[in-house]
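Please open the model in your viewer and keep the selection tool at hand. The tour goes from one selection to the next.

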Amino acid sequence: MTVGETVLFTLDKKESAGYAQLATVLRRQHRQEHSHSHSHSCALGAHEDDADLHRVTESNLEYEVELVKVEEAGEFDASAWELSVDEKLQAIPVLRTTGNELFQAEKFSAAGEKYKLALSYLESLETIHELDERDDDYMDSLILEASTQSIPLLLNLAACQLKDGQFQGAIDASTMVLKKEPNNIKALFRRGKAHLLIRRNTEEALADLKRANELSPNDKNIKRALQDCLEQTNQQNKKDSEKFRGMFG
């Protein structure tokens with residue numbers, strides 16, 4: 001095939017028994033990767049609603065595939081659906097280490113992409129685990145162990161996004177941590193700092209930074225951010241008071 005070329009092929013219904021399960025995994029993975037703003041040139045999926053998948057389990061399936069782009073090995077990171085469970089488990093700590101090295105080199109956007117990809121692998125493992133009805137204690141333990149990396153990855157992602165000016169992304173990543181660990185100091189600090197840098201979210205910033213300061217009263221970075229937030233809040237209150245005096249004075 002050449003770039004831009006399209007090919008059609010039909011899969012006999014005898015060979016399509018696992019289509020519904022596979023399509024469910026791929027669609028969930030597609031949504032997850034979009035939620036982390038991760039993209040890859042190769043796409044696979046169908047357009048039916050998930051609820052309609054059962055309608056095609058007893059039918060021949062016709063696929064239309066277009067070659068969009070050709071990339072050499074090593075030029076891209078594989079999407080989650082391209083890897084086996086073992087490959088994902090092996091890749092997650094490598095991606096985290098690579099992300100840390102990129103962060104230290106102040107390549108924040110590239111580091112963030114590594115963390116996002118690792119998170120998409122984790123989410124894929126959890127999805128596959130949910131859909132797999134087999135009892136496999138060994139695989140269960142491996143996936144459970146891998147899932148413990150989600151919080152460090154999210155915290156690292158939030159740190160990258162703060163450095164890279166992606167403040168809403170930092171808020172989202174920190175919020176995901178706080179849903180699991182409401183008193184996570186790093187998440188409170190990074191979300192509060194992101195709210196503060198957006199500047200219109202001073203109330204949210206103040207709540208997070210006050211809580212972080214209560215949990216870690218000797219942290220100088222938290223104290224500095226809290227002081228900045230209080231000053232910004234006072235300035236905004238003065239502006240509001242002057243505005244109201246002008247309206248009703």
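**A cavity and its surroundings**

The count comes to 1 cavity of 30 Å³ or more, where a cavity is a set of points on a 1 Å grid over the protein atoms alone at which a 1.4 Å probe fits but cannot get out. This is a predicted model, in which local features need pLDDT of at least 70 and side-chain atom pairs count only at pLDDT 80 or more, while totals for chains, interfaces and linings use all residues. Residues are numbered from 1 along each chain as its sequence is written, and side-chain values use heavy atoms, with hydrogens and water left out.

Select the lining of the largest cavity, whose residues, including Phe108, Glu113, Lys116 and Leu157, have an atom within 4 Å of a point. Helix α3 (108-131) and helix α5 (150-163) each supply at least two lining residues, and the largest share, 5 residues, comes from α3.

Next, select Glu113 and Lys116, which form a salt bridge with the closest N and O atoms 3.1 Å apart; the term means a side-chain nitrogen of Lys or Arg within 4 Å of a carboxyl oxygen of Asp or Glu. Both belong to helix α3, where they are 3 residues apart and so separated by about one helical turn. Lys116 is buried, with a relative accessible area of 6%, whereas Glu113 at 32% counts as partly exposed (buried means under 20%, exposed over 50%, partly exposed in between, with a 1.4 Å probe and protein chains only).

Finally, select Asp208 and Arg191, another salt bridge, with the closest N and O atoms 2.7 Å apart. Because Asp208 lies in helix α8 (residues 202-215) and Arg191 in helix α7 (residues 185-198), the pair ties together parts that are 17 residues apart in sequence.

Notes:
On a 1 Å grid over the protein atoms alone, a cavity is a set of points where a 1.4 Å probe fits but cannot get out, and a pocket is an open set with protein on both sides within 12 Å along at least five of seven lines; lining residues have an atom within 4 Å of a point. Grid points are joined across faces, edges and corners, and a volume is the space filled by probe spheres set on the points. Helices (H or I, at least four residues) and strands (E, at least two) are DSSP runs, numbered from the N terminus.
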